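Please read these notes with the sequence and the 3D view side by side. They begin with the whole chain and end with a single residue.

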Amino acid sequence: MIVESEDALTIRHVAERLMNAHPELDASLVESSVQTAYEELRYARVRTYLPVLMERQA
């Protein structure tokens, strides 16, 4: 059984939410945007709002 890290799950969930909200966008574009947003915020000390910040930035 493969266990995903908490950050990997967060990235996947944010990407899924954005793809559902904007089905006209290419999935690879959404995933790369979310990954870029995560890379910029990955060292944030307060992680409570990380998914919201990633979604808005992507």
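The numbered points below go from the overall fold to one threonine.

1. Before anything else, please keep in mind that this is a predicted model, and that every value quoted here was computed from it.

2. The chain holds three helices and zero strands, and reading along the sequence gives the pattern α-α-α. Its radius of gyration is 11 Å, close to the 10 Å that the globule rule gives for 58 residues, so the chain is as compact as a globular protein of that length. Along the principal axes, the C-alpha atoms fill a box of roughly 35 × 30 × 15 Å.

3. Of the 58 residues in the chain, 21% are buried, while the chain as a whole exposes about 4,500 Å², with carbon and sulfur atoms supplying 56% of that area. If we take contacts between residues at least 6 apart in sequence, 41% of them join residues at least 24 apart.

4. As for charge, the chain carries 6 positive and 10 negative side chains, and the centres of these two sets lie 9 Å apart.

5. Where does T10 sit, and is T10 buried or exposed? T10 belongs to helix α1, which covers residues 6-21, and T10 counts as buried because its relative accessible area is 16%, which falls under the 20% cut-off. The side chain of T10 reaches the backbone oxygen of E6 at 2.9 Å. Once neighbours within four places in sequence are set aside, T10 is in contact with P51 and M54.

Terms used
Residues numbered from 1 in each chain as written. Predicted model: local features only at pLDDT ≥ 70, side-chain atom pairs only at ≥ 80, totals over all residues. Heavy atoms only, no water. Helix = DSSP H or I, 4+ residues; strand = E, 2+ residues; numbered from the N terminus. Rg over C-alpha atoms; globule rule 2.2 N^0.38 Å. Buried < 20%, exposed > 50% of the residue type's maximum accessible area, 1.4 Å probe, protein only. Contact = heavy atoms within 4.5 Å. Areas by Shrake-Rupley, 256 points an atom, 1.4 Å probe, with all protein chains shown as cover. Lys, Arg positive; Asp, Glu negative; His and termini not counted. Charge placed at Lys NZ, Arg CZ, Asp CG, Glu CD. Polar contact = N/O pair within 3.5 Å; in protein donor to acceptor, adjacent residues only side chain to side chain.
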